[in-house]
Amino acid sequence: MSKELVRKSMPQRKAKERIGDFQEVNLGYTEEQAILEAKRCLQCKKPLCIKGCPVEIDIPKMIEYIAKGDFIGAIKNAKEKNALPAICGRVCPQETQCEKLCILKHKGQPVAIGNLERFIADWEASHTTNSKEYNNKEQSEPNRGAKGIKIAVIGSGPAGLTCAADLARMGYEVTIFESLSEPGGVLRYGIPPFRLSRGVVDREIEYIKNLGVDIKVNMLIGQIKSLNNLFAEDYKSIFIGTGAGLPRFMNIPGENLNNVYSANEFLTRINLMKAFKFPEYDTPIACGKKVAAIGAGNVAIDSARCALRLGAQEVSIIYRRSEQEMPARDEEILHAKEEGVKLFLLTLPVEYYSDEKGCVKKARCIKMELGEPDGSGRRRPIPIENSDFEMDIDTVVVAIGQSPNPLLLHSTPELKVAKYGNLVVDEESLETGIKGVFAGGDIISGAATVIEAMGAGKRAASSIDNFLAKK
Ligand code: FAD
Ligand code: SF4
């Protein structure tokens, strides 16, 4: 392969060292590495990479700035479309989005767009956060609240944050209502700090606050206040971005035993409530030595890798299809394997057994084979007769998917809910059945990706602006 086609790999910590703590695994490019990587870009006349980005960053322009060593120009360019570049640079599945469409992918390896985005966001933070002058200039919005119109955003995940940031830039007075004690949604309670440090989440949320967005935490809308209350408080439009945080279970015998967790509870205890720092933080977590995470998405892999860092000795992923169908990001699967997580593929747990204290001690599993593709396009797993076997385990984390958070939807009967609990919206405008109420992110799509949620937040912000302009 010629030199230009080989991309700069991301420097990272060694597996043995990194499983001893929750610090970030990837270390980020140096300036030299970023410039070399940026110089690989062909600056295509019709750049397909932009089409793969749900928030439509002008990727070639951003890369051109980096190649010239103008990192401020690059970050300004990215932030025009994306208020969370350091987060996206770390967790976006670029391999299925912008990088999948990069012309260089067909010739060898795509430009490492995600790594470059991470680089410029981190470069900005380390070179400019101490400069008051720079911050005031970059972050003050000339039209902060200029329209004098109040808008409420429910939920502070990537959908809510993005919608709020765009509306604040347009001159609206935006308040986010978040039910948890800290803002960020899955970025805070789901994705572990070894993939996305909490300093980075804090920093990018601070940026959004500096745009003029007010964030009120511990505000469970649907219980503390209804949508009608918000309208009565003079909010002229509402965006719902309450995500998909309701865990799904397999409903098999033994799933209610002690030490069988939903991934949601397991990860929230660790990431939001900092159980990994117990007793410094007052949240214990019972994580044994032989842990199985059920499922093969990012959530399952994150759970398995957290268990390793809590001291588990044998950690397995149990998945009913083959590695090819695993929905997790390639990088996460690779990192998990490097760290010692074992994959039990084409395997399905069908029952858990209890010890004398009511804690899980074994799983009975069956082997599967793949048949014809099902509705999802993936080959359907079919049980193999008489293939039962038992596994010793003392902790199970069920990570087979999440459904939309139901509370607000149930307490607001005017909102239309589809079969799987998703909120129904107009496909174009993202308006719900209630006039002036819009929605986006996992609440409408079911569990998806950070950048898709952000794309929906952006579209909704533009629809809200149009809606209010017509009033
Ligand atoms: P969320 O991030 O879920 O935010 C919704 C917010 O609304 C939450 O803060 C919630 O507390 C709040 N809320 C809920 N109900 C109410 C209410 N009634 N009142 C007020 N507030 C409320 N995607 C990727 O692209 N890359 C990854 O690597 C990746 N890894 C993931 C790992 C895990 C463990 C999980 C769970 C998901 C992962 N995802 C990943 C998916 C991605 O995080 C989600 O698609 C995205 O966060 C959805 O954004 P959202 O804003 O719609 O919802
Ligand atoms: Fe550069 Fe790839 Fe985009 Fe072309 S498609 S402009 S090579 S990043």
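This is a predicted model: local features need pLDDT of at least 70, side-chain atom pairs count only at pLDDT 80 or more; totals for chains, interfaces and linings use all residues.
Local features need pLDDT of at least 70 and side-chain atom pairs count only at pLDDT 80 or more, while totals for chains, interfaces and linings use all residues. Residues are numbered from 1 along each chain as its sequence is written, and side-chain values use heavy atoms, without hydrogens and water.

**View 1. Crossing of helices α5 and α9.** The axes of α5 (residues 71-81) and α9 (residues 113-128) come within 9 Å and cross at roughly 120°. Axes are lines fitted to C-alpha atoms over the stretch in contact, with angles from 0 to 180 degrees between N-to-C directions; helices are DSSP runs (H or I, at least four residues). From α5, the residues F71, I72, A74, I75, A78 and K79 take part in the contact, and from α9, F119, I120, A121, W123, E124 and T128 (contact: heavy atoms within 4.5 Å). Of these residues, 9 are nonpolar, 1 is polar and 2 are charged (nonpolar: Ala, Val, Leu, Ile, Met, Phe, Trp, Tyr, Cys and Pro; charged: Asp, Glu, Lys and Arg; polar: the others, Gly among them).

View 2. Strand β4 (residues 235-240) is largely enclosed by the rest of the structure, because 5 of its 6 residues are buried (under 20% relative accessible area, 1.4 Å probe, protein chains only). Strands are DSSP runs (E, at least two residues), and two of them pair if DSSP finds at least two bridges. Strand β1 (residues 150-154) runs parallel to β4 and is joined to it by 5 bridges, with K150 opposite Y235. Strand β16 (residues 437-439) pairs with β4 in the parallel sense over 3 bridges; here I238 stands opposite V437.

**View 3. Domains 1 and 3.** The domain assignment, automatic or from a database, gives domain 1 (3-131), domain 2 (143-245 + 403-469) and domain 3 (249-400). The centres of domain 1 and domain 3, taken over C-alpha atoms, are 32 Å apart. Their contact takes 14 residues from domain 1 and 13 residues from domain 3.

Notes
Chains are lettered from A and ligands numbered from 1 in the order in which they are written. Buried means under 20% relative accessible area, exposed over 50%, partly exposed in between (1.4 Å probe, protein chains only).
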